[in-house]
Amino acid sequence: MRVLYVAIAIAAFLSGCTSTGDWSSDTPAKGSSKSSKATRVNLKNQSVSKVYAPSDNLWLRIRDGFQMEPMNSPLEIEQVRWLSARPDYVNRSMARSSRYLFYIVQEVNARNMPTEIALLPFVESAFVTNAKSNAKAVGLWQFMPATGKDFQLTQNVFRDERRDVLQSTDAALDYLQRLNNQFGSWELALAAYNWGAGNIAKAQKKNIALGLPTDYESLTLPRETRNYVPKLMAYRQIVLDPSAYGIVLPELENHPYFVAVDVGNDIDVSLVIKLAEIPPEEFQSLNPSFNKPVILSNANQQILLPFGYAEIFQENLKKYNKPLSTWTAVKVGKTESVDQAAKTLGVDADALRQVNGIPKGMRIKAGSTVLIPKTSGHSGDVPSTMADNASLSLEKPPPPQPKCASSGKSAKGSKNAKGAKTLKCEPAKGVQNVASKGNSSSNNAASQHKSASTGLAKSAKNISSLPPTGKTSNKGASKN
């Protein structure tokens, strides 16, 4: 039986791909190879399309795609017991996954990868899109900054694609395929994803020198990595037979949860939320990569919206005849204080500080990009070069100059050679007589005002305890 669903993707002023009757992700993406393969409809050539999707249970599709052998090891049994003793934790994670699993399974299937891989975000982030580890890995797939750059995930003032649902999934699957090709097994690929390919290769060389096997279970691994695959296998067991462990899986039909909306002009986040009539938290859960209150058309960005909200957005957008964006960006020409920069740009200093996340007392370094309210002098959309390469660097102002007192004597108490008075200098009150270190920061504005998470489980809502072998900084060290 097939159930009718409305699938809308807004190609606001831009072209897109034609929708199809199946849910294949093989349709070419527009423009950049990084464009999403999520279903889209081109509103220039199409009205709201009605497309069919199979109503089969997505969990059945996931089970049918399992390819990895269960380990049945004490470590796997320990992880299953831990999860089954915490059904509330598992149920919350499963509920969160409902937004993303179809897309991930679709991409895993397209690459002929085992569908166990689609469950990996349960281990990495509990499907919390803004999860951040102690080692600064972020997103569903927990990409470190350096690894994200290796896979062309943009990290700048405007967005962090390590948190982007589509881009990070694509990068993670690329990475895992590369590791599987290198090591010849998914178990070793997963261990390398957690600990680093170089470390796994060294562990294998050590075993070869000792005449020992080089498979996953034979290697000497850190505790986190040793438990990494058993954790995934524990989720596999729960998906296979949830009732045996007192777990209730959410009902997931085999169709997309969201569609991609192409951005044709810069548009404020608040306006998207208003026109889509979507709860802000629902918008954020699907679009966690946006660092600023504006979404940029020249950054090849897309908005993800659930079907119903996308339809509402389309209808309201047609009726909206005011400017879509109230923000633009400029590059600061010289190093100066926020007050000075605001005066130069003709904007409010507090607004400049707040939207760019600039702490009080810091100066903006020359060459930095700042977001400002649109004015008559700065009214256009943010250009592509700035949208892709924007950075914000800050520095502390230099210390006050020491106060100097006039003296007619030299340091030895006598006049200098010309009889002129010398200056006896003392440090200004409250200022230590040390050289300024000139600290600067290249962190983007989002990271300056974003509260740091202290661990993966703490990033998930209402999670009060960690698995028996919680995330450590091992992964962070290995993926840099």
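Visitor: Which residues does T225 touch, not counting residues up to four places away in sequence?

Guide: Contact means heavy atoms within 4.5 Å. By that rule, T225 touches A191, N194, W195 and Y216. This is a predicted model, where local features need pLDDT of at least 70, side-chain atom pairs count only at pLDDT 80 or more, and totals for chains, interfaces and linings use all residues. Residues are numbered from 1 along each chain as its sequence is written, and side-chain values use heavy atoms, leaving out hydrogens and water.

Visitor: Is T225 buried or exposed?

Guide: Buried means under 20% relative accessible area, exposed over 50%, and partly exposed in between (1.4 Å probe, protein chains only). T225 has 0% relative accessibility, so it counts as buried. T225 sits in helix α10 (residues 223-240); helices (H or I, at least four residues) and strands (E, at least two) are DSSP runs, numbered from the N terminus.

Visitor: Why is strand β3 largely enclosed by the rest of the structure?

Guide: Because 5 of the 5 residues of β3 (residues 258-262) are buried. F258, A260 and D262 point one way, while V259 and V261 point the other way.

Visitor: Which strand does β3 pair with?

Guide: Two strands pair if DSSP finds at least two bridges between them. Here β3 pairs with β6 (residues 302-306) in the antiparallel sense, over 5 bridges. Opposite F258 stands P306 of β6.
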